[in-house]
Amino acid sequence: MNISGNTILITGAGTGMGLIAAKVLAARGNRVIMVARDAERLRREAEALPGTLAYACDIADAGQVDGLLDWVRGNAPELNVLFLNAGVTHTYRLFDGTDAARNARLEMLVNFVSAVDLTHRFLPLLESRPNPALIVTTSGVVYAPDTTNPTYSATKAALHSYVQSMRYRLKQVDSPVRLFELVSPLVDTPFASGVKSDAKAKPETVIAELLRALEEDTFDIRPGSSQALYEAWRADPEKAAAMVNEVTGA
Ligand SMILES: NC(=O)c1ccc[n+]([C@@H]2O[C@H](COP(=O)([O-])OP(=O)(O)OC[C@H]3O[C@@H](n4cnc5c(N)ncnc54)[C@H](OP(=O)(O)O)[C@@H]3O)[C@@H](O)[C@H]2O)c1
C-alpha cells in the first residue's frame, strides 16, 4: 500500500509503538489521529507533531467510541486507515492469590472486545475511501503464552483468531480493505517495563519494519524475534513455549 497521503487513526498513540508510528507516519505525509485515554499527554505529544490531531478516548467504553466515530465523521471523514494498537496487561502468576478474572475482564475488553467493536463501526467508513487498510497489533504470545502475563496472552490469541476470521470474510465479500497483523516481539516500551530482559527490540525498529511491510503488502508482519518464535512454534510448540518463558523469566 501507499504509505503517504493517508489519514490514519492510531489507538494507543500516546506512548510506545503507537507514538513512534504517529511520528514516523506524520513525517511521511500522512494525517494522523492519535487516540489514547490520557488527554493531557496526548495533547502534548500531538502539539509537537505537525500533521496530527489528538482525541482522548477509552476504547473499552462504547459510549466514548460513539463519540470518537462522530468526531471522525465531522473532522476527518477521509479516514482510510485504522491502526488498532492499544493494549493493556497484568503481570502476575496464576493461582498466586491474584484476582485473575478481574484482570482478564479488563484485558479482554481493551485488547479484544474493543477491536471487534471498532472494526465493526469503522469498516463501512474505511471501505468508502480509496486505499483502505486495517492494522492490528498482536504479539508473539499468540503462538505460545507468556505465563507471567497469562490472561493477556489469551486475549492476544483471541485477537489473532479474530484477524484470521476477518481476513476470510473480507476476501469472501471482496472488500478493498487490506488487513495487516503486526505480531510484535518484546519491545522496550512502558508496556514491557516490568519485564527484565535485554532481548527487547527498540520501538523504532519495529515501526520501521511495519512501514516496510505496509509498503510491500506483507500482511503477516513478524519483526525480529517474532519470526524466530513463529518458526520454532511451527517446528515444535514446546520449544516455542520455552523460548517465550525463558525471555520473561517465568
Ligand atoms: N511492548 C511489548 O513488549 C509488546 C509485545 C507484544 C505486543 N505488544 C502490544 O503492542 C501494543 C502497543 O503497546 P506498547 O508496547 O507500545 O505499550 P504502551 O506504550 O504501554 O502503549 C499502550 C497504549 O495503549 C493506550 N491504552 C491503554 N488502554 C487504553 C484504552 N482503554 N483506551 C485507549 N487507549 C488505551 C495507552 O495510553 P493511555 O494509558 O493514555 O490510554 C498507551 O498509549 C499493545 O497492544 C501491546 O499489547 C507490546
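**Entry 1: strand 5 and its neighbours**

I started with a pairing: strand 5 and strand 6 (residues 178-184) run parallel and are joined by seven bridges. My note on terms: helices (H or I, at least four residues) and strands (E, at least two) are DSSP runs, numbered from the N terminus, and two strands pair if DSSP finds at least two bridges between them. Before going on, I wrote down that this is a predicted model, where local features need pLDDT of at least 70 and side-chain atom pairs count only at pLDDT 80 or more, while totals for chains, interfaces and linings use all residues. Residues are numbered from 1 along each chain as its sequence is written, and side-chain values use heavy atoms, with hydrogens and water left out.

Who faces whom across that pairing? I found threonine 138 opposite valine 183 in strand 6.

Next I looked at strand 4 (residues 81-84), which runs parallel to strand 5 and is joined to it by four bridges. Here valine 81 stands opposite alanine 133.

**Entry 2: the crossovers**

I traced how the chain gets from strand to strand. Strand 4, helix 4 (residues 100-127) and strand 5 form a right-handed β-α-β unit. Strand 5, helix 5 (residues 150-172) and strand 6 form a right-handed one too. Right-handed means that, with the strands pointing away from the viewer, the path from the first strand over the helix to the second runs clockwise.

**Entry 3: is strand 5 buried or exposed?**

Strand 5 (residues 133-139) is mostly covered, with seven of its seven residues buried (under 20% relative accessible area, 1.4 Å probe, protein chains only). I checked the side chains: Ala133, Ile135, Thr137 and Ser139 point one way, Leu134, Val136 and Thr138 the other, and all are buried.

**Entry 4: the ligand**

I counted 30 residues around the ligand, the closest being Thr15, Arg37, Asp58, Tyr152 and Thr189 (near means a heavy atom within 4 Å). Which strand gives the most to this shell? It is strand 5, with three residues. Helix 1 (16-27) and helix 5 are among the elements that each supply at least two.

Then I looked up polar contacts (pairs of N or O atoms within 3.5 Å). An oxygen atom of the ligand sits 2.7 Å from an N or O atom in the side chain of arginine 37. A ligand oxygen is also 3.4 Å from a polar backbone atom of phenylalanine 191. Taken alone the ligand exposes 880 Å², and the protein buries 94% of that (Shrake-Rupley method, 1.4 Å probe).

How values were computed. Buried < 20%, exposed > 50% of the residue type's maximum accessible area, 1.4 Å probe, protein only. Polar contact = N/O pair within 3.5 Å; in protein donor to acceptor, adjacent residues only side chain to side chain.
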